Every structure is written in C-alpha cells, then in structure tokens.
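Visitor: Please pick one part of this model and look at it closely. Then show me how that part sits in the rest.

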Amino acid sequence: MSAQIIKHVTAILEEEPIGCEQELEALAKIKKHDEYTYLHSLNVARLAVNLGRKLNLSHAKLIELGWAALLHDLGKLHVPIEVLNKVSKFSPQELEVMQSHPVESLVAYFKHLAFEIRTFDRLSAAFEHHQRYDLKGYPGVKLKISLHPFSRIIAICDTFDAMTTDRIYQRRILPDLALKIMAQGYGTIFDPVVLQAFITSLGAFPVGSLVRLNDEALAIVDHYHKGSALDRPVVKKLPFPGAKEIDLSSTEFNHLRILRSEFPEDHGIEIRN
Amino acid sequence: MSPQKLTSVIESENHFLRLKLVEAKLVHASGDQSDVSLDELWPTLNFLKALGFREILFRRPTTDHVNKWMGRLESYQQLFIQDPEYAGAGEFVWNELDPESETPLVECFRANAEPSTQPFEETVQVIELSLGPVPPMMSNLSVDEQALKGFINELEADNLDDSLGRFASIFEEYRAMQGLHLPEDSGSIVASVICFALENKKIDRARSLVQANEKILEDTFKDPHWLIRLLEIYEPKTTEIQGWSEIFKLLPTPQILDLIESQTGTKAARQLVKLMSIRVSREHEELIALCLKLPPTQQKILLQWLSPHWRPKYYPQLWIQLEHALQSTDLELIQLWMQALLRCYSAQALEDLKNYFYPVSFWKRLFSKNSSKVEAQARLLNALNENRSTEILKFLKDIRPYVRGKSAHQVEKLIGSFKERKAS
C-alpha cells in the first residue's frame, strides 16, 4: 500500500485509516488511473470533512463522509483515460461515457469493496453527486427521493474544487468568484442549507485569497473573526513580512473594503497553505 | 442597487453599455468610468468573468434580445455549476446576434480579444426582468440555524429504508443503462442487498428488490449457497410469512423439496417448511399436479402438505399412484398415497381395494405372479393400519373371508388391535 496515500488520507480524516485496506486500494486504483481524479478526490474529501467539522458531526459520520468523498468518483475507473482528460469538445458518445460514471460506481463499489451497511451511504454519494438538489441532473431517476445528506455536501465540494482547480483547457476560477457562481445554484442545484453553511464556513473570500482593496493595496485574507460578515475578514497587506493585520470587521476600517480577488501568480506571489 | 439591475442600467445609458468585468467598471459614453457591483447588476456576470471574459458590449439590444441572451447564459451557468469539468463550454454561444444582419447586439470579449469600436445607435428600450431567488451571497450571511439543525439530524440518523430505496433506484438506472449486457455478478449484488434488507427486517424492501430484478436473480436462486443464506438470515413472524414467502417466489418447488431433505435439522429447513406451507395453501391445485409428476423422494415430502387438499376429482390419478407405489418396497410412500386416497374418496377407495383381496378368476391367476399379490396385500394392510377408522375395520371384516395364509393372519391381527384400541 502506498505510504503517500495513507499519509494523504490520514491528514484528511485526522486518524490513521486502520482496517481500510480495501478503500485504500480503491484509492490507489484511482490514482493509477488518473492523477487528477485522485487529487480532486482528496480535495473534495478535505472540503467535505472540514464542513462536517463545522457542522459538529459525530466522529463516525465525519469518517464516513470523508470516505464517501474520497471514493465519490470511483465510477471513473470505468471511464477511459483519453475521455477523462480530453481537452476538446466531447462527442455525444464520449459525453455519455463521461456521464455514466455515477452509475458505473455501483459495479465499481461491489468489485473493489466489501459489502457493508456503510456501503449504501458511500454508494449513494457516488451515484447522486451530479443529480442536483432538484433531481434534474444526471443520472435521471424514476424514483424521486431526496438526495442523501452526504451527496448534498459532496456535490457542493465537488463543484467548488472543480471550479477552483487549474485544468489544461481552463484556468481555475478564483474561490470567491466560484462561490458567487455556485450561489446561483441555491435551492436548485444545491441544498440551500448546505450551500449557506459551506459559504459561511469558507467566508466570501476564503482564507489565503489574494484580494485587492479599494485603496488599491493587495492583501492576503488571513482569518475571520467569529460572527464577522463574510466579506469582512482580517487581511494582511502586502508586502510581507512586517505586514500589518487589518480587521475589516472593525469600525476602524469601515472605509476599507475588498474590491475583488486576484490570481497570486499574476503578481509573482506564491501562497502556501 | 437592487439585484439584476443590468437592464435599467442599459436603459439609463441609452443602450450604449460597456462593462469591464475584471475591474467591475461601467464605461459611460463620455469615456468616464464608474464602479459597479456585478452581483447587483446581474449575478451571472460573475460566471462570464470567471470563464475569462473581460468586457461586454451592448449595442441596440431590444428587450427580446437581452432576455434571450440572459436566459441562454443563465442556462449555461446552471450546466456549468452542475458539472464544471464537463459542461461543454465549447458549445456555448456567448454573443447575441441580430438575426437579420448577424452583427453582434451583445458581444463578450475574452481577455486576449480587442473590443469592437463600432459605434452604438442610441435608442431607448425598457427591459423588465423578474427577480430570481436571493442567493446566499447576497442575503444576510448567516445560516438558518433551525434548517441546519434539521439537516444535521437527517445526516446523523441512519435511515435504512431510504438507503435501500436509493439502492433500488441506483440499480434500476444501472440495469437500464446496461440493457441486456449485465455483468455476471449482478445477481450477487442484488442478493447481497436483499440479505441486508432481510437482516434488518425490511421485508417489503427485500420483496420489491426481488420483484424488480426477477430475471437477474434467476441464477442466484439456483445457487444453494445464496439460497441458504437468504433463508437463514431472517426468521419471519407469523404475520410476516405471507410477505416474506414472496421473496422466494422464484424458487422452484422441487428445489425446495430437495433442500428440505438435504438441510434437515438446519435453520434453513425450518424456513423451507414455512415456505412450503404458505405455498401449498395458495397453490395447492398446481402443487397436486406437480406432485403426480415428481420422483418418489420428492413426492414423499410434498404429500405431507397436500393431505387436506385431496378431492374426489383426483381419485383416478391417486389410484394409479398407489398401484405404482405398491410395486415398490417403499412403505412410507404407499402409506402416504393410501392416506391421500382415503382422504380423497374413502368409500370408493375401500371398495376398490377389496379387489386386491377377493379371489381372482382362473385366467387372471394364470397370468399373475402370486407372490407379488401377497406382497401387495401385506403392504396395503400395513398402510391401512396407519389409517385406522370404523370404515377400515368394516373393510377388514369384509375381506376376512377371502384372505389366505400370511395375509389372513395379518387381517386377524389388525382386527384384534382395532378392537383393542376401541375397547381402551
């Protein structure tokens, strides 16, 4: 078993994945099949578990949510790599294959993992994460039952990560902009309660964002004070070091506001987590 | 500004509108610029900005043109949000063209494209747009505590019924997608879930899974390993037997009979007995027809259930079965057919049985094997001994004068024991 995968999973779940050999092997298969899907799965799990923690979920549910997110794209093992990584427009057949991955997750689950009660929750997330909150997504289903709560969380984290990750054919979308776009799926594509919780948990400008203030200065979002407005974080003006912390939620800085976020690399800045 | 203010801004700018998306600035005809909020102007502008557009030009767009353009872009945005990786951005049409001249009325410029310098015609159009729901980024940035609590409760609760319903739905889609080319292990997948449902007392769910997947499960139900697992996993209560038995409706009766024999004393055999009882109560006509065709080992098991269901109409078939059985040494089988025959039409049966004991004509005697007749008499008397009644006592007395040798001794003994029992 890859030590690297164990390390990644441990960091997300905050506990060693003991007794999860089959799950780890399934992840290793994803990694071998397509590195992007593997990294995307890690990101989605990280976002989902973080949201779960903010929601004070029980430890057992957090771990389950983490695994459901880590394996939500297991069905992509059945999608040929040339289709997965295609840069140009999909043919109708390729799109069909691509969109079959939630359904293919069924066989993938039974092929790679032992059948247990928790399989249902994980499988539901893998099957439903593109179905939309209003069930108008894919795969279409005859039996209209509301999405599993895991699916509702993972759908949001999946979209957010897909939007904010660079692809060969598309530059990533800045996180604050991604959240604004996702807000347009409020109550249709996404569960409004979960979306609201997700945005609240990240802030309108997620920590680490490079932002332009209305005094033209560039700053990095450092943290949020509990209860502050989502667009009023504590920022540190550039250049570092010696940058002064500015608490935009304080009345002292009422005159300042964030205009927009910008790509750090456009300014030769590297932001590390 | 109120949300979706774009149309009124177009109007106020005499339909000459230039929007810088990156800087969120409105360029006036004079060349002056003013700050705007894309969220308030029209939230979908963020989508355009995110995809790398830096500027939008509006040239004489009518209400219809703008509505059409906005509607189209909003639908693109929904597709994109639903699946950002694979929404066919290559297929999206960003500009709104004049249908006659095919010149752009609304033109979107990417970061590396130069905006057109074509002058704008100034006409006034009032465009009314309905307001959509207020998204969370523009509402009070807090979470509805009550709704959130409801979601967390839903998440923490393990609703097995929902999970099983979801599986049924997932499998239905899978089956539809695969058509006739289902993998070999499909039956095992469904059987695993049925076992799981039964283990958790979800009989209705298990039954509906069987109903929906009958064809897939055909081979699985022929596999003794799966069958025994499915049988042993749940012991139905009396009130549940009816519904539970439908889970096994694909199981052929001869297979049940074989299993009852091979699994004697096990939990599975107990369940099989329940299954047979309910099946006989519902389908005794069919099972009687089946019984007449089965091999003796299976007949012996099935006959035990059929006893209450024999009617005079079956008499000729039962008589044939008894005569056939009499040629064997299987006393249990003879006894069971005798019992069936007596249940079916006892007066006629006893009348016909007398022929086995009455003297035969010279010609018949000539062509019959005497020893086999004596053996048949002994087997019949043994079988009658197990079905004692006044009618049988009378029968024994009736044949008494005609029997000889070993059979006569047996008849006397039977009459004696009948009387003894009556006296006691």
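**A helix and its surroundings**

Guide: The cover over the buried residues of α1(A) includes α2 (21-33), α3 (35-54) and α4 of chain A. This is a predicted model: local features need pLDDT of at least 70, side-chain atom pairs count only at pLDDT 80 or more, and totals for chains, interfaces and linings use all residues. Residues are numbered from 1 along each chain as its sequence is written, while chains are lettered from A and ligands numbered from 1 in the order in which they are written.

Some terms. Helices (H or I, at least four residues) and strands (E, at least two) are DSSP runs, numbered from the N terminus. A residue is buried with 20 or more other C-beta atoms within 10 Å of its own, exposed with 12 or fewer, and partly exposed in between; the C-beta atoms are placed from the backbone. Contact means C-beta atoms, placed from the backbone, within 7 Å.

Now α1(A) itself, residues 3-13. Its buried residues are Ile5(A), His8(A), Val9(A), Ile12(A) and Leu13(A). Seen down the axis of α1(A), they fall within an arc of 120 degrees, so they line one face of the helix. That arc is taken from the directions from the helix axis to the C-beta atoms. The face turned away from the buried side carries the exposed residues Ala3(A), Gln4(A), Lys7(A) and Ala11(A). Just after α1(A), Glu14(A) takes a positive phi of about 60 degrees.

Next, α8(A), residues 117-128. This helix has 12 residues and reaches 18 Å from first C-alpha to last, close to the 16 Å expected at 1.5 Å a residue. The expected span is 1.5 Å times one less than the number of residues. α8(A) is mostly covered, with 9 of its 12 residues buried. Among them are Phe120(A), Leu123(A), Ser124(A) and Phe127(A). The buried residues pack against α4 (59-70), α7 (101-112) and α9 (149-163) of chain A, together with α6 (160-178) of chain B.

Take Ser124(A), which lies in α8 of chain A. Ser124(A) is buried, because 26 other C-beta atoms lie within 10 Å. Leaving out residues up to four places away in sequence, Ser124(A) touches His148(A), Phe150(A), Ser151(A), Ser163(B) and Arg166(B). Gln99(A) is 25 residues from Ser124(A) along the chain, with 16 Å between their C-alpha atoms.

On to the chain contact. There, 52 residues of chain B are in contact with 57 residues of chain A. On the chain B side, the elements giving two or more residues are α3 (44-50), α4 (63-82), α5 (145-156), α6 and α7 (186-199). α6(B) gives the largest share, 13 residues. By class, the chain B side has 26 nonpolar, 13 polar and 13 charged residues. Here Ala, Val, Leu, Ile, Met, Phe, Trp, Tyr, Cys and Pro count as nonpolar, Asp, Glu, Lys and Arg as charged, and the others, Gly among them, as polar.

Last, the core. A nonpolar core is a set of buried Ala, Val, Leu, Ile, Met, Phe, Trp, Tyr and Cys residues joined through C-beta atoms within 7 Å. The largest has 178 residues, and those with the most contacts inside it are Ala48(A), Ile154(A), Ala178(A), Ile194(B) and Trp337(B). Helix α16 (residues 331-353) of chain B gives the most to this core, with 12 residues. Not counting residues up to four places away in sequence, Ala178(A) touches Phe160(A), Met163(A), Thr164(A), Ile173(A) and Ala50(B).

Notes. Contact = placed C-beta atoms within 7 Å.
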